[in-house]
Amino acid sequence: MIRCNVWRDLQSWLYPELCSACQKPLEWGDAPLCLPCEAKLPYALQAFGQTNALFRRLEGRTALHSAAYFLEYKRGSVGAELLHKIKYDTHLKLLQYLLWQWAREWKPFGIWESATLIPVPPNRWQSRNRGYHAASEMADALSCMYGLKVCHNALTRRFLTRSQTRLSRLDRWANLDSVYSVHRKNLPLGPLILVDDVVTTGATAERCLSLLQSETDAPLALLSLAYTL
Ligand SMILES: [Zn+2]
């Protein structure tokens, strides 16, 4: 046992784990962030409600009962860099860490305690070439934390489309119009929570919520790790 500890200490001295944000060696614990970087995270901690910025972004565009999010995304911030890693670099440990931080602050309540989580579906590139999709990982992790059900096949994405990030809201809507499908036979009963990693214009969430609304009268909520200010 002593030999194991010595070897582990030697390894951590030779190859220290680095902070996911600043790349400085981590000094303690299993957290992927150093304390100064964690303190800079743009926490929003918005529980389900109808007054937060995410709800107001989608208000009147689709039937949305409530919205919740954890971080505020600002270009150039520590949070933006970390979210980019989560979304594009398969940074599962960092995603799980942020979700556990979230879990200490946020709990589903009321009708959402019995809701089913539905992740925004991955595109083909995400699902086939990388095997990692942040929204699906989020839904699975939140399911473990809160005992909520997850449904991965009620919403699907039909084909690869060009990146949404540089399109206007109108162009995004046109681009998304024929991409997503809802499958009535797979749709669970009861309240549904659409799960996304980062909401920017809200076009993807709006399209997915509208599709769900077309097949169910159940209350619909949106849960996002981050919302772009
Ligand atoms: Zn750091």
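Which residue in strand 8 does Ala67 stand opposite? Ala67 faces Leu222 of strand 8, and Ala68 is set opposite Leu223 in that strand. The model is a predicted one, in which local features need pLDDT of at least 70, side-chain atom pairs count only at pLDDT 80 or more, and totals for chains, interfaces and linings use all residues. Residues are numbered from 1 along each chain as its sequence is written. Helices (H or I, at least four residues) and strands (E, at least two) are DSSP runs, numbered from the N terminus.

Strand 2 and strand 8 (residues 220-228) pair in the parallel sense, over 7 bridges; two strands pair if DSSP finds at least two bridges between them. Strand 2 also pairs with strand 1 (residues 43-49), in the antiparallel sense and over 3 bridges. In that pairing Tyr43 stands opposite Leu71. Of the 8 residues of strand 2 (residues 66-73), 8 are buried, so this strand is largely enclosed by the rest of the structure. A residue is buried if 20 or more other C-beta atoms lie within 10 Å of its own, exposed if 12 or fewer, and partly exposed in between, with C-beta atoms placed from the backbone. Strand 8 is mostly covered too, with 9 of its 9 residues buried.

Strand 8 also has strand 7 (residues 192-199) as a parallel partner, joined to it by 7 bridges. Here Ile193 stands opposite Ala221. Between these two strands the chain passes through helix 9 (residues 203-215), and the β-α-β crossover is right-handed (with the strands pointing away from the viewer, the path from the first strand over the helix to the second runs clockwise).

Helix 9 contains Glu215. Is Glu215 buried or partly exposed? Glu215 is partly exposed, because 14 other C-beta atoms lie within 10 Å. Leaving out residues up to four places away in sequence, Glu215 touches Val182, Arg184 and Leu187; two residues are in contact if their C-beta atoms, placed from the backbone, lie within 7 Å. Lys185 is 30 residues from Glu215 in sequence and 9.8 Å from it in space, C-alpha to C-alpha.

The axes of helix 5 (residues 92-105) and helix 7 (residues 134-146) come within 10 Å and cross at roughly 40 degrees. Helix 5 is therefore oblique to helix 7 (angles under 35 degrees count as roughly parallel, over 145 as roughly antiparallel, 65 to 115 as roughly perpendicular and the rest as oblique). Residues making the contact include Leu95 and Leu99 of helix 5 and Met138 and Leu142 of helix 7.

Note on methods: Axes are lines fitted to C-alpha atoms, for helices over the stretch in contact, and angles run from 0 to 180 degrees between N-to-C directions.
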